[in-house]
Amino acid sequence: MKVVILAGGYGTRLSEETRVLPKPMIEIGGMPILWHIMKYYYSFGHKEFIICLGYKGYIIKEYFYNYWLRSSDITLRTLASGNDIKVVHSAVEDWSITLADTGHDVQTGLRIKNIEKYIGNDSFMLTYGDGVSDVDLNALVEQHKNTNNVVTITAIQPQGRFGEVDFDGNKRVSAFNEKRKSKYINAGFMVAEPELFKYLGKNEPLEFAPFEAIVRDGKLGVYPHEGFWKCMDTLSDLNILERIWNGKNVPWKVWE
């Protein structure tokens, strides 16, 4: 199943890093978060990727164009007739990657519409280029296949950032709940049918009018996930992911 990854946004909340790099190229443990996401999907047998590019997309193109060189040990001899390169070790994945320019100031809905020609008539997977998880992709796909939904999203309950305070008319606290979990949110890691493209075309976020229309048609499914999920939205998130990667338990690292 093809995997579409949205990788074209500005990442303004990470401006310390994204002045130089597109957000999906910010590194965790020396590798772009985009690489981590692709490795995760590849671990479940998905090897065809369509990456929706926008802001500084040429950096992502250059990275994967040179990926073979970056991932291999080589012996290089400089000769009068040119360079002689011998690969002595290569750990390159068996990936097919379509790097598609989907526009500079383009919202997610239109980005997806712009890669319609690469999808064909098959179901496909869809996610954002800034989040990692340990969601069971096989179970997600299986649930989706057993429905007539246009899209199935993975939903998680993130931990609240602040304690919640309830107080009465006398301005006395009646309850204090430390970092209660919030409502379910869309964590990405979606499965979609080609019918999704019928809901797209305007320059608007996928989660606004397109999803609202699919909900009205009764064809937006949900796969609740109670495990790990983390979005790299701020510098604090990046630091947390780096600490997790350097620890003993990395939930999304299911490959050897």
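**Stop one: what covers helix H6**

Start with helix H6 and what sits over its buried residues: among the covering elements are helix H2 (33–43), strand E8 (124–128), strand E10 (151–156), strand E14 (190–192) and strand E15 (220–224). Keep in mind that this is a predicted model.

Now select residues 137–145, which make up H6 itself, and colour its buried residues: Leu 137, Leu 140, Val 141 and His 144. Turn the view until you look down the axis of H6; the buried residues fall within an arc of 95°, so they line one face of the helix. Here's the background: an α-helix has 3.6 residues a turn, so residues three or four places apart point the same way.

Before moving on, zoom in on the start of H6, where Asp 136 has a side-chain oxygen within 3.1 Å of the backbone nitrogen of Asn 138.

**Stop two: helix H8**

Next, select residues 235–245. Which residues of helix H8 are buried? Colour Asp 237, Leu 238, Leu 241, Ile 244 and Trp 245 to see them. Around the axis they cover an arc of only 125°, which puts them on the same side of H8.

Then bring up the cover over those buried residues of H8, which includes helix H1 (15–18), strand E2 (27–28), H2, strand E9 (131–133) and strand E16 (229–231).

**Last stop: zoom out**

Show the whole protein as a cartoon and you'll have eight helices and 16 strands on screen. Of its 256 residues, 43% are buried.

Key
Residues numbered from 1 in each chain as written. Predicted model: local features only at pLDDT ≥ 70, side-chain atom pairs only at ≥ 80, totals over all residues. Heavy atoms only, no water. Helix = DSSP H or I, 4+ residues; strand = E, 2+ residues; numbered from the N terminus. Buried < 20%, exposed > 50% of the residue type's maximum accessible area, 1.4 Å probe, protein only. Arc of directions from axis to C-beta. Contact = heavy atoms within 4.5 Å. Polar contact = N/O pair within 3.5 Å; in protein donor to acceptor, adjacent residues only side chain to side chain.
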